[in-house]
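The sequence and structure are shown first.

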Amino acid sequence: MSLSDKAAEIGAWALENGHRALLALTGGRFPRRVLGMQTLELHTIGRKSGQRRSTMLTAPIYGPDRIVVIASKGGHSEHPDWYKNLAANPEVEVTVDEVTGPWTAVAATADEKARLWPQITKVYSGYEGYQKRTDRDIPVVILTPR
């Protein structure tokens with residue numbers, strides 16, 4: 001694993017676990033937004049294990065009919081596991097403010113990503129840096145309610 005990948009992995013782990021710790025300490029009251037983005041918990045089914053998996057994410061685009069999340073993994077050379085899981089089983093659940101509901105996850109097409117990317121990077125410019133740091137095309141995932 002490259003040094004860049006290791007740094008991205010450590011950063012992603014620290015952000016997710018720090019977020020979980022703050023939510024636990026504050027009874028779920030903080031943080032509800034990070035870097036100007038809605039926080040959420042994405043629940044997928046493990047593609048190998050069949051077990052329910054959960055990860056904390058931020059959504060640069062968030063609304064009742066559409067949530068957009070970015071499979072950046074901090075610019076790591078591999079897709080995050082949560083993305084691999086939803087690619088295998090797109091029926092997911094999303095928890096926001098302690099309310100969980102069923103959603104369907106679909107990777108944006110190249111045209112959809114091109115339209116959404118300026119909005120995404122306007123909210124958080126760090127995604128542009130992540131994309132420059134990796135050779136992989138970072139997926140943009142569109143979630144819609146089921």
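Buried residues, those under 20% relative accessible area (1.4 Å probe, protein chains only; exposed is over 50%, partly exposed in between), account for 45% of the 146 residues in the protein chain. The model is predicted: local features need pLDDT of at least 70, side-chain atom pairs count only at pLDDT 80 or more, and totals for chains, interfaces and linings use all residues. Residues are numbered from 1 along each chain as its sequence is written, and side-chain values use heavy atoms, with hydrogens and water left out.

The protein chain exposes about 8,100 Å², of which carbon and sulfur atoms supply 55%; accessible areas come from the Shrake-Rupley method with a 1.4 Å probe. Its secondary structure comprises four helices and eight strands, in the order α-β-β-β-β-β-α-β-β-α-α-β from the N terminus. Helices (H or I, at least four residues) and strands (E, at least two) are DSSP runs, numbered from the N terminus. Among contacts (heavy atoms within 4.5 Å) with a separation of 6 or more, 65% join residues 24 or more positions apart.

A nonpolar core is a set of buried Ala, Val, Leu, Ile, Met, Phe, Trp, Tyr and Cys residues joined through side-chain atoms within 4.5 Å. In the largest core, of 17 residues, Leu40, Val69, Trp82 and Leu143 touch the most other members.

A second, separate core of 14 residues includes Met37, Tyr124, Tyr130 and Val140. Beyond four places in sequence, Trp82 touches residues including Leu42, Leu57, Val69 and Val141.

Val92 lies in strand β6 (residues 91-96) and is buried, with a relative accessible area of 1%. Its contacts beyond four places in sequence include Leu42, Leu86, Trp103 and Leu143. Val92 and Leu143 are 51 residues apart in sequence and 8.7 Å apart in space, C-alpha to C-alpha.

The axes of helix α3 (residues 110-123) and helix α4 (residues 126-133) come within 8 Å and cross at roughly 125 degrees. Helix α3 is therefore oblique to α4. Lys113, Trp117, Ile120 and Thr121 of α3 meet Tyr127, Glu128 and Gln131 of α4.

How values were computed. Axes fitted to C-alpha atoms, helices over the stretch in contact; angles between N-to-C directions. Parallel < 35°, antiparallel > 145°, perpendicular 65-115°, else oblique.
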